[in-house]
Amino acid sequence: ISMVVLPALLVGTVLTCVIILGYYFILAAQRNGPPVMAGLPVIGCLLDFARGPLEVVKKGYKQHGECFTVMVLGQRLTFLIGPGPQDAFFRATDAQARQREVYKFTVPVFGKDVVYDCEPEVTAQQLRFMSPGLSSVRLKSYVGWFVKETEDYVEKWGDAGVVDLRNALSELTILTASRCLLGKEIREEMFDRVSSLYHDLDEGMLPISFFFPNLPIKKHRIRNAARDEMQGLFTKVLVKRRAEGATSEKYQDLLQTLMEAHYKDGRHLSDHEICGMLLAALFAGQHTSSITSTWTGLLMVNEGPRFLEQVLEEQRRVLTESEGQLNFDSLQKMDLLHRCVKEALRMYPPLILLMRKIFKEITYKEITVRPGDIALVSPAFAHRLPGVFKDPNTFDPSRFAPPREEDRAAPFSFIGFGGGRHGCMGENFAYLQIKSIWTVLLNNFEFELLGPVPPPNYDALVVGPDQQNGRCMIRYKRRSTGFLKQQQQLSPPCPSSPLIVWWGGCG
């Protein structure tokens, strides 16, 4: 019997492999579709993708050029790399390409029935609740808060010392975001715990989370526990405010706005929805800003005293004209500092992939990206293309200055803030926040790196500098004199238009 069964098993195994391989390549191959990277049957390039998406992009670009497809568990991931293909990606209509389906990995953090876990019409209502207030008039009122929070934060540093820049700027940007978004109680009474929980939530968003957001791994378990505790903290504030009959006249923040908001059918938001939307707003307004402000500082300080003197000279000139007042108008005149922030974002964009689910085909040249594909662009890779940016691995803010303006040679060359109909609404806010922070820091301190600029940490879904072995440590020494005057009395934020920065989910 064994002599009969064994050949049958061998034949069955071979046929099964043929069927699986046939199915795989039929699914992968499409007429006029991009070339497909080789991968294992069924799982495709899952293992490579889990080890690091950027390495997959590098390999695919080297083998196939600006458009290629990667198979992962039967799903086609089609990459569009470079200004031309990115133009097709960002100009696609919502009928052709949608965000909701590819950002489901955010649900364990933001919660169910919030943002990317809603039908489009509900999501639209939720975004209207958050009323992005990004006009110049509203932005002007926030510069004072940025300055005050930064000055108060660095007051505890003393005259000299060493600090982990990544940690410091993460705390500082949470302070500014909390002041504008989460409310007085959370900012003044619960900040330390909220900051710690936020870190756990952020660490729980990994590349593998994109495919398996509920995979039972340690960081996901910590993430889930942090989400539950954060819900409890916010709920305490909600209960307290309801008990006292709070209104937006007293509490001029997003939390109160959400408490008073209601859907078209008259239903008010649940505590769970309010918590989720606050977390979404906090992520959008904080975690990418903290990363970019860190890279900006590391790269500027790494250039040495001669370069920093140019930045300081610009600040002296501008602030002399404004009589020492750091405000919206003076920040707008700091072109070199602006280009430093932009160059840091070019070299180290926090979001290495931006995604869409394709529902109606989009085309680039002779290549067609068909319904069912997930289309992706990679700012981290595209920003390092030597055909787009000269010496792309060199920190060179002047590349954005006239007459070079390398980012304007072709549309969508620079995609640090996404682009098209879903471009980041908080771009101006982000520049103002980071420029405010670094103007105050440079006004107060001299800085020196303790080592080379650290490499990016690609283990996280939102990529910042690697902090292992003290790589983000920076030495500071307080200056004897500065050129900023004491800021004027601050006005509270506008109650009707809480500021939301949808940077973390842009693209």
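Is S378 buried or exposed, and what is its relative accessible area?

Modeller: Please keep in mind that this is a predicted model. S378 has a relative accessible area of 0%, and because buried means under 20%, S378 counts as buried. The residue sits in the loop that runs between β8 (374-377) and α17 (379-382). Leaving aside residues up to four places away in sequence, S378 touches L54, V57, I81, I352, L353 and I415.

Another covered part is helix α16 (residues 335-347), where ten of the 13 residues are buried. The length of α16 can be checked by simple reasoning: at 1.5 Å a residue its 13 residues should span 18 Å, and since the end C-alpha atoms are 18 Å apart, the two values agree.

Side chains of opposite charge can pair when their charged atoms come close. A search of the whole structure finds 31 salt bridges, and a few of them deserve a description of their own.

The side chains of D159 and R478 meet in a salt bridge, with an N to O distance of 3.7 Å. This pair links distant parts of the chain, 319 residues apart, with D159 in the loop between α7 (136-155) and β4 (160-164) and R478 in strand β12 (residues 473-478).

In a second salt bridge, the side chains of E309 and R316 meet at 2.8 Å, N to O. Here E309 is partly exposed at a relative accessible area of 37%, and R316 is likewise partly exposed, at 30%.

A further salt bridge joins R91 to D87, with the closest N and O atoms 2.9 Å apart. R91 has a relative accessibility of 52%, and therefore counts as exposed, the cut-off for that word being over 50%.

Technical notes. Residues are numbered from 1 along each chain as its sequence is written. This is a predicted model: local features need pLDDT of at least 70, side-chain atom pairs count only at pLDDT 80 or more; totals for chains, interfaces and linings use all residues. Side-chain values use heavy atoms; hydrogens and water are left out. A salt bridge is a side-chain nitrogen of Lys or Arg within 4 Å of a carboxyl oxygen of Asp or Glu. Buried means under 20% relative accessible area, exposed over 50%, partly exposed in between (1.4 Å probe, protein chains only). Helices (H or I, at least four residues) and strands (E, at least two) are DSSP runs, numbered from the N terminus. The expected span of a helix is 1.5 Å times one less than its number of residues. Contact means heavy atoms within 4.5 Å.
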